[in-house]
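The sequence and the structure are shown first.

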Amino acid sequence: VAVDLSSNVTLKAIAYKTGMEDGDVVSGDYTFQLTKVASPVFAPVPGNYTTPKSIVLTSLTNNASIRYTTDGSTPTKTTGTVYIAPITIVATTTINAIAYKTGLDDSEVVTSTYTIHLGDADSDGDGVADNEDDYPADPLRASNNFYPGVGFGSLAFEDNWPFKADYDMNDMVIDYRFNQVTNANNEVVEIKAKLVLRAMGATFHNGFGIELPVLPSQVSSCVATLKNGSPVPLGNLVSIDPVSGLEKNQTKAVVILFDDGYNVLPQLYSGIGVNTTPTVPFIVPDTINLVITFTSPISSDVFVNSVYNPFIFANKTRSTEIHLPNYAPTTLANTGLFATGEDTSNPSSQRYYKTSNNLPWAINIYEGYSYPVEKVAIVTAFLHFAEWAQSGGVLYPDWYKDISGYRDASSIYTNK
């Protein structure tokens, strides 16, 4: 009979037979010189359960570390949540995990799905059955509402407003995924977001913020952290309320994620910006985790714009705001720049941040954005962008897709 071994062990054995004396005990030491970390082991084993479970992850490799994800993404030794305690799951969840250790190759990624059938029980008493409740142990929360539903969308900005300048629309590129957490009455109690600053094709040091359609007094807290849990760096360019985490002196609630993108995505090489020049090494972006909690539930009808009102402020000048087309600026914007340069903003007609032929200084793409390389205008890289913009979005609504005749492939940044 073969004995399977996967870690260092001393194996002892004895032979015996009825009618004869037992043999001597013999032993052997088996030492493994492993080059790869043993894959994570899940306990309990994946399967169907009728109660919440605490999942323990281990590796047979001594002192190995483990990272995991529950959002469908693939963990690596630098991405995903570091495993330090059992993972509590109360609804059907798929866990991806990887083990790693300095000096050894990373393990394979192991995927385990736990299907939780809680029946008609309502553990938190909020009127939503546990099997339909994303937060079955929390009476204040019931449902996650993601935008986009799958993956990330993209925001991209040109920072030379009110002039088009090179118009490469890569001066700041931010991927986003928002989650409006609602209660049993479909009221919003919290907003969570993941934001990834992918590129900055700019010499300007630009900041980024989001205006919400609520009063500052309706927000109890706003916390933005990097992937490692540390606060997002903020300088002295903005004034932040220490209690709410919002920007001060605003009519509506304004979240400032950072006031200088280079503090989040550092420029480590020469050239212009980060991740826009193909001949310059790619810098792996960081992820900002944002949690906004409201003082009391707010009707979902208030949040009609799924990305709210995102904007950049250019070149260390807080008042120089650049928003999506026809999105109004915040209280702190310098509206004296309207209708100067190539801008034709007219607040009386609710026209904002567009040229005379409707070209914008910012775009939002639900499915994500492959942006132009440095100094190549977006109208050159994407052959139907101008038609889309000038038609008010009627023509070529899929202008950004990789379809034959839609783009100049040599003008698109593809480094990863």
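Which residue is the bridge partner of glycine 209 in E17? The partner is isoleucine 256.

## Basis of the description

The model is predicted: local features require pLDDT of at least 70, side-chain atom pairs count only at pLDDT 80 or more, and totals for chains, interfaces and linings use all residues. Residues are numbered from 1 along each chain as its sequence is written, and side-chain values use heavy atoms, with hydrogens and water left out.

E15 runs antiparallel to strand E17 (residues 254–258), to which four bridges join it. Five bridges join E15 to strand E19 (residues 309–313), also in the antiparallel sense. In E19, glycine 209 has phenylalanine 311 as its bridge partner. Two strands are taken to pair if DSSP finds at least two bridges between them.

## Nonpolar cores

The largest nonpolar core has 50 residues, and Phe208, Leu257 and Phe258 have the most contacts inside it. Such a core is a set of buried Ala, Val, Leu, Ile, Met, Phe, Trp, Tyr and Cys residues joined through side-chain atoms within 4.5 Å. Strands that each supply at least two residues of this core include E12 (153–157), E13 (172–182), E15 and E17. Apart from it lies another core, of 22 residues, among them Leu359, Ala377, Tyr400 and Tyr413.

Not counting residues up to four places away in sequence, phenylalanine 208 touches several residues, including Leu155, Met172, Leu257 and Phe311; contact means heavy atoms within 4.5 Å.

An open sheet of three strands has the order E3-E5-E8, with antiparallel pairing. Its edge strands are E3 (41–43) and E8 (87–89), each of which pairs on one side only. Strand E5 (residues 53–58) is joined to E8 by three bridges, and serine 54 has threonine 88 as its bridge partner in E8.

Another open sheet has five strands in the order E4-E10-E9-E6-E7, with mixed pairing. Its edge strands are E4 (47–49) and E7 (81–82). Strands E9 (residues 93–100) and E10 (residues 110–116) pair in the antiparallel sense over five bridges, with threonine 93 opposite tyrosine 114 in E10.

## Salt bridges

The count comes to ten salt bridges, each defined as a side-chain nitrogen of Lys or Arg within 4 Å of a carboxyl oxygen of Asp or Glu. In the bridge between lysine 36 and glutamate 108, the closest N and O atoms are 2.3 Å apart. Lysine 36 is partly exposed, at a relative accessible area of 34%, and glutamate 108 is partly exposed at 47%.

Arginine 141 forms a salt bridge with glutamate 190, the closest N and O atoms being 3.1 Å apart. Arginine 141 lies in the loop between E10 and strand E11 (143–147) and glutamate 190 in strand E14, so the pair ties together parts 49 residues apart in sequence. Arginine 141 is buried, with a relative accessible area of 17%, and glutamate 190 is buried at 7%. Asp138, Arg141, Glu190 and Lys192 are linked in a network of salt bridges.

Terms used: Buried means under 20% relative accessible area, exposed over 50%, partly exposed in between (1.4 Å probe, protein chains only).
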